Amino acid sequence: MTGADPVLAGIVDNRLHAIAEQMAQAMLRSCRSMVFQSRDFVTGIFTARGEWVATKDYIPVLAGSLPSALAGVTERFATEFAAGDLHEGDVFVLNDPYHGNNHPPDITIMKPVFHRGVHRFWTVTKGHHADTGGAVVGYNPYARDCWEDALRIPPVRLHHRGRRQRDVWDLILLNLRLPDVVEADLDCQIGAATLGERELVALLDAYGVEPVENAVAYQLDASRRHMRAEIGRLPDGVYRSVRHLDDGGAHHREPIAVRLELTIRGESALFDFTGSDPQVVGYANSTLANTAAAVLIGLLGVTDPTQRRTSGALAAIDIRTTPGTIVHAVEPAATSLCTLIACETIVETVWEAVGQADPAVTNAAWCRGYTFAAMGVDARTGRPFAVTGAMKGGSGATAGFDGWDAVGPPVAMGGGREIDVELHELTAPTTVLSQEYETDSAGAGRWRGGLGAVSRWRIDQDDLSVLCIGSGALDLTAPFGAAGGAPAPANRGLVHHADGRISHPPTNSLLRLDRGDVVEIHTSGGGGFGDPLDRPADAVADDVRDGLVSPTAARDVYGVILDPITDEVDAAATAARRAAARSR
Amino acid sequence: MISTPRTPRIPTARAPKAPRGGAVGGYRVAVDVGGTFTDLVLRRPDGTEAVHKTSSTPGDPARAVVAGLTALAAAERLAPHELLGRTETIVHGTTITTNALITGSGACTGLVTTAGLRDVLPARQGSREDQFASKSAPPPPLVPRRLVIPVRERVDRTGAVVTPLDESDVRRAAGRLRAAGVEAVAVSFVFSYLFDGHERQAAAILAQELPGVFVTTASRLVPQVRMFERTTTTALNAYVGPVLRDYLDGLADRLAELGYGGRVLIMQSNGGVVGLEQAADRAVETLLSGPAGAPAAVAEIVRTLGTRAARAGAGGTGGAAGVDRAGPPTRPPDTITIDMGGTSFEASLARGGRTETTSNGSLAGHPVCLPALDISTIGAGGGSVAWVTAGGLPRVGPRSAGAVPGPAGYGRGGTEPTVTDADLLLGYLDPDGFSDGIGLSRDAAVRAVGGLAERLGIRGSAGRHPDTAVTDAAVIDTGVIDDAVIEAAAGVHRAVNAAMADSLRLLTGRRGLDPRRFALVAAGGAGPVHAVEIARELGIPLVVVPAGASVLCARGMLRTDLVRYYVTTLRPDPRDPGAPPVPSDLDAAFDRMAAEALDDLPPHLAGAGRVGFTRSADVRYAGQVHEIPVPFADPAVPMDHAVPAEPAGSVLPRTDDAGLKDLLERFHDEHELRYGYRRPELAVEIVNLRLVARVPTLPPVPADSPAPPGPAHPAAVAPPIRAAALTEPTEPTAAARRREVWFDGGFREVNVHDPATLSPGCPHQGPALVAHPASTVVVPPGYAFELAEDGTVLVFAATDTADAVLHRVGLGLGLVAGDGDGDGDAAAR
């Protein structure tokens, strides 16, 4: 690059990320909903041209689809903007998956940043709202199309020249069950975008417009080169993977295949998903924006983790899809669960394909999201609430490292935060009876997966609406092991009714539960990496002492014999058992 | 003195009479044991001070303490027992708990918790800070899962017992813990902040079953909502408790052997001190024991500056700012303090001399939710490694070359380019090395930074060596450093300054504060080297480098107060959570806390009517998850001027509707500053009330001490420490030396001033260096500096004067009006 100052580019890059971080911290401290509190939101900074330059991505799948959301606004308002109708103090909002968003519960807020009268940047925030309308609060497993999914908000102006467009707010809020919570969280998003705006103006003041623009161009190019260099380390070849979603919602109870053909050639990577199954009637369909975000997560999970998530990184890869398929939904497909189950499935295809190229860099599969969520109005306080009650599952092992326990599905890569058990019980009429790691829930391996958990929680109010959502509840979709590591057991859930019945609700269905009913949820651990017979016997013995692996599994799976009294390794018996197992 | 904290003692039984009136009184000693050095400051009865620095003895830290005391005594021409016999107070800061945590050498710890919730602690809320780092392991647990033992008990969200504690479970747990040989046990049950009976019951059984084992309960340590944070804090307390207890026992014995009969006060993370006997119970509150000393020293410097600012205002010497004699009174400047050393970079904020506290801190990845000085560890200091991404973008840190091998320039085998290497090549550091004897190797630094230049594709601005690899040995041999290497070094210096400025921006931005209204206080070996450039980045008009910055923490420890924090969680009507609070309810809660404080504080101090109280409330919009702490606008009570007091009830100001309205109004303002919006039409909740009780431990200042003229600050000022009073060993230097130093794109020969040879109050123009024994103040062109009477170096814009800047900062004005071309608009928005 001519005229570029790499040092200034590094400085500006840091500063932009610090601003995105400050925006996120402000949201965390000023939000109202428990969903925001669990960090289900992201912030981002874009150039006026729509290039994504910085982000704070607690939930990476939200971040990876920010560029298309911004494009949704600039396309819809192309005529107005061209005519000069874009002003300081404007704020745009959107949640529609067919205008660039990935799924409707995430509402995107975009604010243009003007410096001395010229539009230079956008600040963007996007978060998962407590309610976005539709037939069911949150996720609707019965949605057949995008209108049954949620209220569709196309790109519209919420503020014009700094003035609140009260009529637009009314139109949105009237369609929601929890208008107060959503209004407060939207204000929190707009506040964060305004903080970002202040800081960007200060940045332009400090360094001048042209130096900052040159620095940004250099930074984006460096990000692209960085990703290309990382891809270049994988051996050339064509690698294939097929992974499945359990189902598409209540109206499509069959597994749906995502098929990836990954071609690595030099520093370029082509992710070809054109062989994937058609879109379905149901809420699991992935928009193209969501698919791109998922590919980026998969790739960042197996390359240099310090890389920036920018338009530059996205520009280094090609993604090919067929419109009308599960990975490229077109109107009128419903999409609200795509950030969870479609995203996880796509990430798994990337990790499985990369594992063929070089197992040493890949992840064994992580748990998939699977939970029960209760919602309604707390009769004690009259306040609306929504809670999930499952401790999360484990992450997959990698060459050299056990997976992390209870860290949740790869859509967040551990960026979320479990709501504290006390806050849970203070805000919802439910009681957490137990939330603990489950023995033998991880995939065995030289490095084992992180632990999954078993959670039991009781409903303390009659006629509560409880949603069972997620995937990974089939052997077909349970977390796979890598390089000879074992898969982890599938997710599962059941209900112990107060009257003594036990029921097994299908994944992606809505139940009505009453006082005294107890929900029991088992989340998967992560897949294992490498042969379990190669795991050091002492590590296995430690796992037994910590209650993570049963003595039976130590013997049968790991070939490690422990003294039943002292839990010490019986070295001779272990060696014999392992030798026998290897010779089989 | 023999201390056996296992058997509680009544502190007054042994406590010496509190000094009165400052007329008599003995010596007072502060001892700050750090990782490398143990710093001691002795305050003589006449208020003058002496300093001693000795190497720490990490295997047995008390040994260095004794060695230091012995040396101090010798310097006073006293035998150790003579000095200690005349010493009334030793204030001690220690890194013993911090080291135990960082090196994983804490106690073997068990956790007894509510059945069903065994994994609250290890699951870390299901999070991973470094999200994409799949090839990494979580921080090692404080308590291995096998020692997390569930017992049957349950309390519900209202504090009612649902399942009584199963005592046999507790006994069984004790048996398992005994078998495992634990030295400490934490007890943390769900909702114990609402009902502590089960925890107390369990602790009693454990104490009985496990004699000599350190037992700590969550409800006593940190009675507030959120089980995860409460449990980590309690487990940490258990993990470091026995370590601190054993250390303090040994120290007390050694001091007793030396004839010491006075009190020992231990520095706490919250900036206050606590008696040696109580310290181990709340060991988790000593995790910042060392760094917590600095703010008190800064506070004193700032008060001195505030006095001068007031004088400047009254005397009209601040003509540049156009000061009106009848203008608003100035106050001590708000400050950002940076402490940048070889392996650390810490920062904190103080407003009006009082350092902000936080209850959301964390250490080594473990949350600690007790109030502590808000000291952020936000970087790796001079050892930060500069590197280039695979895409060609330069970055500095977060990885550090550490103490070993350290920067390449230390010549201990380090090969990676660090901030220190860049500083050396640019001439900011003395090539003859630091005062501690480390010589610096320019050749090694050139090689390391040269490699960086190559990776960045820097060929030298003049292009004189287009075809020569910059690491070419011939270039080094000639002693002429390639342009490209210097350019890369300058890039590292610039980049790290910007990165540190980013961190400070986050620190201020989080609170909605504008850094341009602050002064920057620079400490640590590398702090003064970078401070002015960081200040420039942030638009900060004044840099303050304290004299004796290398013993700043120890100096502060001499000046700290006894401090206790109290919190009351209000329980609003669940059916009408937005109902406005009733002033009399608030007063009742504050009175209860004040009564508790007067009970807790040593009677000879509290009874003397010297307790100062600060009231604040944690406020939020109804339904929000987090609160903002908002202080009540009570009449200012300066730290060293406590309110006269009898019964607690009459100590505190009464709350009225106007006061409450004012509190809420300031909440809306604060909310908009921090988060970018306000919603005054929404209901507001007061969640917690907080009371801080503070008792000065220094004798009141004699009435004849120089009182500041002007209306500003009625507080008396402690006698300033004159530079000459500091007996820190320094090598006498001849007339100002000259050195080649990089400024604004080229090398220039500048003066290297020795502060001992400068006259106070005399401005000097940059570019220049001011060489302290352990650090160098870099004053770039366009800046001026002067030595203040207390030995502090002030740096400010060359077009300005120290008095004018001080006055503006004291007014909270920051940059001169009209300066900065539009910056002011941006800030005002």
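Me: Why are α11(B) and α13(B) called roughly perpendicular to each other?

Reply: Helix α11 (residues 442–456) of chain B and helix α13 (residues 483–509) of chain B pack at an angle of about 85 degrees. Angles of 65 to 115 degrees count as roughly perpendicular, under 35 as roughly parallel, over 145 as roughly antiparallel and the rest as oblique. The pair is therefore roughly perpendicular. This is a predicted model, where local features need pLDDT of at least 70, side-chain atom pairs count only at pLDDT 80 or more, and totals for chains, interfaces and linings use all residues. Residues are numbered from 1 along each chain as its sequence is written, while chains are lettered from A and ligands numbered from 1 in the order in which they are written.

Me: What makes α1(A) and α13(B) roughly parallel to each other?

Reply: Helix α1 (residues 6–30) of chain A packs against α13(B) at an angle of about 10 degrees, with their axes 9 Å apart. That angle falls under the 35 degrees just mentioned, so these two helices are roughly parallel.

Me: Why is B:Val66 called partly exposed?

Reply: B:Val66, found in helix α1 (residues 61–75) of chain B, has 19 other C-beta atoms within 10 Å. A residue is buried at 20 or more, exposed at 12 or fewer, and partly exposed in between, with C-beta atoms placed from the backbone. B:Val66 is therefore partly exposed.

Me: Which residues is B:Val66 in contact with, leaving aside its neighbours within four places in sequence?

Reply: They are B:Arg254 and B:Leu258; contact asks for C-beta atoms, placed from the backbone, within 7 Å.

Key:
Axes fitted to C-alpha atoms, helices over the stretch in contact; angles between N-to-C directions. Helix = DSSP H or I, 4+ residues; strand = E, 2+ residues; numbered from the N terminus. Contact = placed C-beta atoms within 7 Å.
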